[in-house]
Amino acid sequence: MKISYYPGCTLKTKAKNLEDAALASMAALEVDFEELPRWNCCGAVHSLADDDLIHHVAPVRDLIRAMERGSDKVVTLCSMCYNTLARANLLMRDDEVKRKTINDFMDEEKDYHGEVEVVHFLNFLRDEVGWDKLRSKIKVPLEGLKLAPYYGCTLLRPKNVSIEPPGHPKIFREFLEVLGARVIDFAASTLCCGSYQILANPEAAETVAATILEGGINSGAEALVLSCPLCEFNLSKKQGDLLQKNMLSQEVPTYYFTQLLAIALGLGGEVCRFDLNDKISAELLKSKSLPSCDQAILT
Amino acid sequence: MSDAQTAPAKSTPAQQVATGDRAILPEGAKTIPIYVMGKKYEVPETLTIMKAMEFAGFKFLRGCGCRGGICGACPTVYRKEGDYKLHFGLACQTVVEPNMYLAQIPFYPANRAGYSLDEIEPTAEAIFALYPELFRCVACNNCTKACPMGVQVLDYISALKQGDIAKAAKLSFDCIQCGLCASRCMGELPQYHIAQLARRIYGKYIQPHADHLAKRVAEIESGKYDEILGKLTEMSKDELAKLYKEREREPDLAPLGTWMPQDTQYL
């Protein structure tokens, strides 16, 4: 089985901390990942308009690139890329008419019919690596860390691309438990972060972001765990605004799930690029005096 | 004198052929129909689009530059009879085919952002700020299909969105700024201007600088070569010819690094 890795634009710029920690972890887990040599933007958001096919061309082109490499699967880290690619893939599998229209338009490429499977890294870790193997590789259990997994929308909705059967998602909980953390479930973990409304309707996005962050800490979590740079923007980068407007009672540390994976695998803080997180996130980890990585964390 | 003029036209007129990019036809040589702005012209079959149009009587005041396929002044869009596809080429490089429907696109409007290269932050974010329309790309690939130089335009636009200025600079290296990419863009991007900015930033801030070049420039600026250059410019032709003939010259096939001239004062 050949697996291609699709990074996504933001992971190469503002969210290097999501990618670098994942790449180091994949190497430590001896996972043979190959970044697609050619790829474009995933489309960033799935177009819902029935007659708007042009916005599916970008994700389909990426899937064709994976198919050209002979890959069975393409793995993503970013929830948004996962969602956009997975939905475009379903469209190409299920809708004969739209598939033909898109394939005809992209007449310089091979026809695509949904040959490749789109997989989020959390599913990959559970299904391909396996929790038992992952557990055996943990060198720095995240003991004493109370973490709230935040799914947001795009890992779970719509249900036909949900990374788990709809209902009570547990994959994030299982993942963090394998890393040795104490997992705090909270009601707002599947609320939308506000998404692109942060541009068009910032008040609405800020309200929901505050609800999520307060929901996490009121449930006893010390930090939120994320898998999407847009969620990270709304829930972390915008915290300053929320504090200033008295919408939030305290700063809340946030991590990408891959950063915690790298720490737990004993890879140290350097690969995690904590310089791109809020300072408080690295400080929380440091305060836990986790063996062999406390000094490296703040680098 | 051209082949066309010396060819024995009278004896075997049926076998006359036009050759090369010459607009003077041997008598009876074959011509083909092309359509310029919808009007039909019979032109010699071996001409480039540019020469064929001149043969047909057009005179280029603009839309023609180097005639060598590198200045980007003569982009041409054409269709062929019975083919839905648009084709693109440089008029000075593309040979006419029967029943081509041609249009010259010597200029295409595309906004160029103002910036000072000395003051610019050499980051992808600086490019995003100057050209926010970059993110209107829908990856339709029309740009790449339109490029007469075979540049992977979508790939360099994607590289920039991924923050990889060096990759964008390298992928766009063959761009001749003809503007056909911008003419076909669904997102209305001025790709070639964005690529030019990427190459400028790459050249000034990212590409490793050659120390020996900086050293040589400093020597030139210090006046090291002024005296000899002054002498050379005042020499007569005979003196120059003599100097040239007597110059020290590395023997052919001398193993690398084994030869040194006697006079090393300018090395």
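## Helix H5 of chain B

What covers the buried residues of H5(B) includes helix H3 (124–130), helix H4 (142–146), helix H6 (165–171), helix H7 (180–184) and helix H8 (191–206) of chain B. Those buried residues are B:Val153, B:Leu154, B:Asp155, B:Tyr156, B:Ile157, B:Ser158, B:Ala159, B:Leu160 and B:Lys161. Nine of the nine residues of H5(B) are buried, so the helix is largely enclosed by the rest of the structure.

Some ground rules before going on. This is a predicted model, in which local features need pLDDT of at least 70 and side-chain atom pairs count only at pLDDT 80 or more, while totals for chains, interfaces and linings use all residues. Residues are numbered from 1 along each chain as its sequence is written, and chains are lettered from A and ligands numbered from 1 in the order in which they are written. A residue is buried if 20 or more other C-beta atoms lie within 10 Å of its own, exposed if 12 or fewer, and partly exposed in between, with C-beta atoms placed from the backbone. Helices (H or I, at least four residues) and strands (E, at least two) are DSSP runs, numbered from the N terminus.

## Chain B as a whole

Chain B has eleven helices and five strands. Its C-alpha atoms fill a box of roughly 65 × 60 × 35 Å along the principal axes. The radius of gyration of chain B is 26 Å, whereas a compact globule of 267 residues would come out near 18 Å (taken over C-alpha atoms; the globule rule is 2.2 Å times the number of residues to the power 0.38). Buried residues account for 30% of the 267 residues in chain B. Of the contacts in chain B between residues at least 6 apart in sequence, 56% join residues at least 24 apart; a contact here means C-beta atoms, placed from the backbone, within 7 Å.

Seven residues of domain 1 of chain B are in contact with seven of domain 2 of chain B. On the domain 1 side, strand E4 (residues 87–90) of chain B gives the largest share, three residues. That side divides into five nonpolar, two polar and no charged residues (Ala, Val, Leu, Ile, Met, Phe, Trp, Tyr, Cys and Pro count as nonpolar, Asp, Glu, Lys and Arg as charged, and the others, Gly among them, as polar).

## Where the chains meet

Between the chains, 15 residues of chain B are in contact with 13 residues of chain A. Helix H5 (residues 153–161) of chain B turns up again here, giving the largest share of the chain B side with four residues. By class, the chain B side has seven nonpolar, four polar and four charged residues.

Chain A is divided into domain 1 (3–122) and domain 2 (131–297), with C-alpha centres 24 Å apart. Here 24 residues of domain 1 of chain A are in contact with 28 residues of domain 2 of chain A. H1 and helix H3 (79–94) of chain A are the elements giving two or more residues to the domain 1 side, and H1(A) has the largest share, nine residues. That side comes to 14 nonpolar, six polar and four charged residues.

The axes of H1 (residues 16–28) and H12 (residues 257–264) of chain A come within 8 Å and cross at roughly 35°; axes are lines fitted to C-alpha atoms over the stretch in contact, and angles run from 0 to 180 degrees between N-to-C directions. Residues making the contact include A:Ala21 and A:Ser25 of H1(A) and A:Leu261 of H12(A). By class, the contact has six nonpolar, four polar and no charged residues.

Most residues other than glycine have a negative phi, and most peptide bonds are trans. A:Glu30, in the loop between H1 and strand E2 (34–35) of chain A, has a positive phi of about 55°. With 9 C-beta neighbours inside 10 Å, A:Glu30 counts as exposed. B:Arg67 also has a positive phi, near 55°, but counts as partly exposed with 18 C-beta neighbours inside 10 Å. The peptide bond from A:Arg157 to A:Pro158 is cis, with omega near -10°.

Terms used. Contact = placed C-beta atoms within 7 Å. Domains from an automatic or database assignment.
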